[in-house]
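Please look through the sequence and the model shown here, and then read the report that follows with the structure open beside it.

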Amino acid sequence: MNKVHKKDLYRIFIGSALFAAALLIPAKGAWKAALFLLPYAVTGADVLLLAARNIKKGRIFDENLLMSLASIGAFCIREYPEAVAVMLFYRVGELAESYAVGKARRSISALMDIRPDYAVKETGEGLIRVDPEDIAVGDVIVVKTGERVPLDGIVIEGRAFVDTAALTGESVPRQVQAGDEVISGFINSGGLLKIKVEKTFGESTVVRILELVEDSAARKAKTESFISRFARYYTPIVVIGAVFLAVLPPLFFSGIWSDWLMRALIFLVISCPCALVISVPLSFFGGIGGASKSGILIKGGNYLEALAKAEIIAFDKTGTLTKGTFRVTQINPENGSSRYLLRLAAYAESYSDHPVSRSIKEAFGEEIDPLRVTEAEEISGLGVRVRMDGQVILAGNGKLMDANGVRWKVSEGSDTVVHVAVDGEYKGNIVISDEIKEDSAAAIAELKRQGIEKTVMLTGDLRHVGEKTASELGIDAVYAELLPEGKVIAVEALLNETTAKGKLVYVGDGINDAPALSRADIGIAMGALGSDAALEAADIVLMDDSLSKISTALTISRKTHGIVIQNIAMALGFKALVMVLGVLGYATMWAAVFADVGVSVLAIANAARALNAGGVKHGRSMRQTREKAGFKI
Amino acid sequence: MKKRYVLTGIDCASCAEKLENAIKKIDGVRDAAINFMTQKLIIEAGEERFDRVLDKVASVVRRVEPGCTLIL
C-alpha cells in the first residue's frame, strides 16, 4: 500500500462512518439531504472535480463523469443513500483495483529482476564499482561469488560455476573457465571470474531481453485490439441506452419518471469498460512474463495468442532436432589410404565454414597449407570444387558427382556422406554423423499429445537420410534435399496446408534460416543465448536448445488464452446480468457498482494467474532465492 | 530511433490506451506503445527531431493524464 492508497483508505473510512451516521439519524427533508451530502462530499469530491475537468477537455464518456452523473441523478430523485453508496463503492473498487494492479506489477518486476545494478572494473588503482553503463568494450571486470555478470564477455582468468536460471530457466549450474563466453545475467554461484567485456551494456543480452519483453506491449494480440475497439463503442452505446431507458417508458408507457430514471442510472454506473480493458493486456503480459522465467522470450501478445492455435510444427533438422555437432565416423577409400582421402577432403573443404566441413578438418587434425588450394568454389546445396596442386577436387553429395559425370557408390544409413573425386576419378567417401538430441523424441511425442496435428522436418540431407531420422523421432513428414532457399518454399507449402484458423510454427536455430522463421506464422528460434541473429529473426526465442520448451510455451499460451476468454466472459456476463436486472427493476445502484468493481478485481486476480502458467513459481524472486542460499548481496 | 521512458501513475488500462493513441497522433512520432504492466513508454521517432518530439509527448501526457509523470 502506498501513500495515495492510504489517503484513499482514510477517506473511505471517514466516508463510511459519516454514511452510517446519516443512515441512523432520523431527519426529514432538507436536513436529511444535508446529512447525506457530508459523506458524499468526503468520498466523491475528487471524482466530481476530475469529471468537471474532463468535460472541459471534451471527454464525455469518462468514468468519473459517469459516476458523478449517476450519483447526482440519485440525489435529484431523493435516493440519498444510493448516491452516497455509489461513490463509496466506486472508491473502494478503485482502491482495490489499484492495489491489485500494483501487486501484479510487483510480481512481474520480481520476475524480471535480472538487471545488474553495478559492475566491478579492474583499473590501475585496483577494483572500482561502477554503473554497468560506464563500462566500455575491452574493459576487464571482476565477478565474485553471488554476483551477477553485468555485461557479455569472455573469461580471461579464473573458473566458476554459473547459474543461468534467470535467463534459461535451467537450474543446473554451468562451469566456465578462461576462454569461455559468459552472458550478462548469469550469476556466479562459486568462484572468481575475470572477464573481458565484449559488448556494451546496451547491447548485452540481459538488457536486450528486458527490452524485448517491454516492447512486447507494442504487438497487441487480436483479442486485445478487439476489446479496446469494443470498449470505444461500449460506453457510448450503454449511455445512450440509459437515456432511452430514462425517457421512453415514462413518455410512451406511462412509467413513473423517478423509477425509470433510477433504472437508467444503473446503466450509467456499469458503462465503464475497465474490467474488460484492464484484464486482457494484463493476462497476456502475465503469460509473457511467466514464459520469460522459463527461458522463453515471446515478442508480443499476438504471438502468444497465435501459438495457442498451432496446428503444424516444422523443424529444421540440424542444430534443432540434432545436436549440430558433426563427427567423422567412417572413412571409405576406393583405393589408397584413409589418410590420403581425408587429406583430400580436408583441403577441398578448407575454405568452407559449414559444420560438415569443420568436422572433416577436425578429423584431419593437421595444419592446412592455404597456398596449395586455388579456385575454391562452394556450390550451394551440393558441395565444393577446388584446385589443389593443379588437380581438380570435388567434395560433396551424390548430386555433385552426377553433375560432373563421376560414378559413385551409394552408402546406406542415416548419415551425411561426402564423396570425393580427383580429376573426375572417384576416390571414396567420408561418413559424418550428427547425433539426435536426447530429448527430441520425447518432445515430439509430447507435442503430439498436446494435439499438434502434424510435425514436419526440413533438411538439406538426402531423402533416405532425412526419412530415417524422422521415423526415429516420430515425425510425420519430411521435406528433404532442400537448398537453403528451399526452406522458405517448404514453409509456404505448409502454410497452405493449415486450416483457416490453424497456425504454422517453424522451429530453427536462426543462423541460416531467418527467412523461413519470418515467413511462418510463428518463428521459434532456439539456443539463442548469445546469438543476436536468433534474437532478431524469431517471434519466440528459446534461450537454451531444449526442445521440450516448445511444449512449455504451448501450455503457457493455451492457459493464457483460457484466462483471457474467462475474463471477457465474466466481465461481459456480469454487466449483461446487471443490465437485465436493472431494466426489470431488481438491481440497486450500489449493487451495480459492487458488481462492476468486483468483476474488475476478480479479472485482475485471474489475469495474475497467467504469470504462473509455465509451472514456474514466481513467488520467490531470484534475490530471495539467493538470500536463502546464503549469498550476501 | 527508439527510446524507453518510465511513466508512473498510470492506473487504468483504458487510460493507458487513450494516452497511447494520443501520443501516436503527435506529428513526428513514428510509433508509440505504453506497457501498462512495466509502466514504460516506448517512443519511435526520427533522430534529428527527437528532443522536440519528446517535448510534445511530455505536454500531451500532462494534458491527457495529469496524474501521470513522464520521467526523463
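In this predicted model, A:Glu481 is placed in the loop between strand 19 (477–479) and helix 17 (486–497) of chain A, where helices (H or I, at least four residues) and strands (E, at least two) are DSSP runs that are numbered from the N terminus. A:Glu481 is partly exposed, because 16 other C-beta atoms lie within 10 Å; a residue is called buried if 20 or more other C-beta atoms lie within 10 Å of its own, exposed if 12 or fewer, and partly exposed in between, with C-beta atoms placed from the backbone.

Most residues other than glycine have a negative phi.

| Residue | Phi |
|---|---|
| A:Glu481 | positive, about 55° |
| A:Asp423 | positive, about 45° |

Residues are numbered from 1 along each chain as its sequence is written, and chains are lettered from A in the order in which they are written, while ligands are numbered from 1. Because the model is predicted, local features need pLDDT of at least 70 and side-chain atom pairs count only at pLDDT 80 or more, whereas totals for chains, interfaces and linings use all residues.

Elsewhere in chain A, the axes of helix 1 (residues 3–24) and helix 2 (residues 29–56) come within 8 Å and cross at roughly 170°, the axes being lines fitted to C-alpha atoms over the stretch in contact, with angles from 0 to 180 degrees between N-to-C directions. Helix 1 of chain A is therefore roughly antiparallel to helix 2 of chain A, a term used for angles over 145 degrees. Among the residues that meet here are A:Leu18 and A:Phe19 in helix 1 of chain A and A:Leu35 and A:Phe36 in helix 2 of chain A. The residues of this helix contact divide into 10 nonpolar, two polar and one charged; Ala, Val, Leu, Ile, Met, Phe, Trp, Tyr, Cys and Pro count as nonpolar, Asp, Glu, Lys and Arg as charged, and the others, Gly among them, as polar.

How many residues does each chain bring to the contact between chain A and chain B? Chain B gives 15 residues and chain A gives 17 residues, where two residues are in contact if their C-beta atoms, placed from the backbone, lie within 7 Å. On the side of chain B that touches chain A, strand 2 of chain B gives the most, with four residues.

Terms used: Parallel < 35°, antiparallel > 145°, perpendicular 65-115°, else oblique.
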